[in-house]
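Below is a briefing on selected local features of one protein model. Please have the sequence and the 3D view open while reading.

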Amino acid sequence: MSTAKVSSRLFTMGLVASWYSSNIGVLLLNKYLLSNYGFKYPIFLTMCHMTVCSLLSYIAIVWMKVVPLQTIRSRIQFIKICGLSAIFCFSVVSGNISLKYLPVSFNQAVGATTPFFTAIFAYLITLNREAWLTYMTLIPVVTGVIIASGGEPSFHLFGFIMCVGATAARALKSVVQGILLSAEGEKLNSMNLLLYMAPVAVVLLLPATLFMEENVLSLTLALARNDTNIVWLLLFNSSVAYFVNLTNFLVTKHTSALTLQVLGNAKGALAVVISILIFRNPVSITGMLGYSLTVLGVVLYSEAKKQSKANA
């Protein structure tokens, strides 16, 4: 094997390792802050993420030129980006709220149902029908979560509703993004989209934070005076949140869509194992069987989609 191929493989492996680390890291840090540490402000936490994402996106694209800068070409395009940002905010805030009440393992089980919601929204919004076999593979996806819910020792109804809402919003964003930014002049890569969505998200989240998490700034400052670690935790957590997007973009660029899907499924399973080892949350055999069935359904769904595209 040539040196160039070895270097390319090592580079890709490094990217995947970074992607895994940042994804699982931000998930565990969010859980620690919102549940174990006692920082009970998920909207403010999301606003911190978006503020740092705005800054680092500008540095990466405008200064470091990691990717070429794509400009917004019309007011309509900007309005579309604002709409996507609102859906994105709801998804991230709901996901963070759910982590206050649910263990990471169950959060990931519910999150794995994203293909189910994507198929529903794609049909309702675009009337795009999949092959019947593709819809059949979604049965174990949903059945697995139902089984996992029944066997989850730490089940919390409100946390479950928030987690389902976050998963549905994530699927809705992907469908709406494909529609709104499908015109040739409006297509943005994920890095440039984050550059424009993050500042809009901060503007949307600021009034929500002040209204729904009253005195959060003064309470956080008071907390920081007693424990300066909270400042570094918030900064580090927010920076890792940005690197989730950066590494996801780079892994997508350097691997195939199928490889990305397989890696994503494995990442979810790894996050479950690591979270159980760290947080020691109780798990049941029924819950793990349910999650395994959901992951199997997602794998079958990916294969069915691939087969459907090949036959098209």
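The model is predicted, so local features are given only at pLDDT of at least 70 and side-chain atom pairs only at pLDDT 80 or more, while totals for chains, interfaces and linings use all residues. Residues are numbered from 1 along each chain as its sequence is written, and side-chain values use heavy atoms, with hydrogens and water left out.

**Helix H9 and Asn-192**

- Helices here are DSSP runs (H or I, at least four residues), numbered from the N terminus along with strands (E, at least two).
- Helix H9 spans residues 190–212 and contains Asn-192.
- Asn-192 is buried, because its relative accessibility is 0%; buried means under 20% relative accessible area, exposed over 50%, and partly exposed in between, with a 1.4 Å probe and protein chains only.
- A polar atom of the Asn-192 side chain lies 3.0 Å from the backbone oxygen of Pro-68.
- That distance is inside the cut-off for a polar contact, which is a pair of N or O atoms within 3.5 Å; within protein, one must be able to donate a hydrogen and the other to accept it, and residues adjacent in sequence count only if both atoms are side-chain atoms.
- Leaving out residues up to four places away in sequence, Asn-192 touches Ile-61, Val-67, Pro-68, Leu-69 and Gln-70, where contact means heavy atoms within 4.5 Å.
- Other buried residues of H9 include Met-191, Leu-193, Leu-194, Tyr-196, Val-200, Leu-205 and Thr-209.
- The cover over the buried residues of H9 includes helices H2 (42–63), H3 (75–101), H8 (157–180), H10 (216–226) and H11 (229–254).
- At the start of H9, a side-chain oxygen of Asn-189 comes within 3.1 Å of the backbone nitrogen of Met-191.
- H9 bends by about 30° at Leu-205, and Pro-207 follows within four residues; the bend is the angle between axes fitted to the seven residues ending at a residue and the seven starting there.

**Cysteines**

- The count of disulfides is zero, a disulfide being a pair of cysteine sulfur atoms within 2.5 Å.
- Cys-89 has its closest cysteine sulfur in Cys-82, at 10 Å, which is too far for a bond.
- Cys-89 is buried, at a relative accessible area of 7%.
- For Cys-163 the closest cysteine sulfur is in Cys-89, 18 Å away, again too far for a bond.
- Cys-163 is also buried, at 3% relative accessibility.

- Glu-130 is in the loop between helix H5 (114–126) and helix H6 (132–136), and counts as buried because its relative accessibility is 18%.
- Glu-130 touches Tyr-135 and Lys-305, not counting residues up to four places away in sequence.
- From Glu-130 to Lys-309 there are 179 residues in sequence and 9.9 Å in space, C-alpha to C-alpha.
- Ala-304 lies in helix H13 and is buried, with a relative accessible area of 8%.
- With residues up to four places away in sequence not counted, Ala-304 touches Leu-133, Thr-134 and Thr-137.
- Ala-304 and Leu-69 are 36 Å apart, C-alpha to C-alpha, and 235 residues apart in sequence.

**Positive phi**

- Most residues other than glycine have a negative phi.
- Asn-215, not a glycine, has a positive phi of about 65° and sits in the loop between H9 and H10.
- Arg-280 has a positive phi near 55° and is found in the loop between helix H12 (257–279) and helix H13 (285–311).
- Arg-280 is exposed, because its relative accessibility is 67%.

**Aromatic rings**

- The whole structure holds 11 aromatic pairs; rings of Phe, Tyr and Trp (its six-membered ring) pair if their centres lie within 6.5 Å, and planes under 30 degrees apart count as stacked, over 60 as edge-to-face and the rest as tilted.
- One of them is the edge-to-face pair of Tyr-58 and Trp-63, 6.2 Å centre to centre with 70° between the planes.
- Tyr-58 is partly exposed at 41% relative accessibility, and Trp-63 is exposed at 61%.
- Tyr-242 and Phe-243 also pair edge-to-face, 5.6 Å centre to centre with 70° between the planes.
- Tyr-242 is buried at 2% relative accessibility, whereas Phe-243 is partly exposed at 39%.
- Phe-39, Tyr-41 and Phe-44 make up one aromatic cluster.
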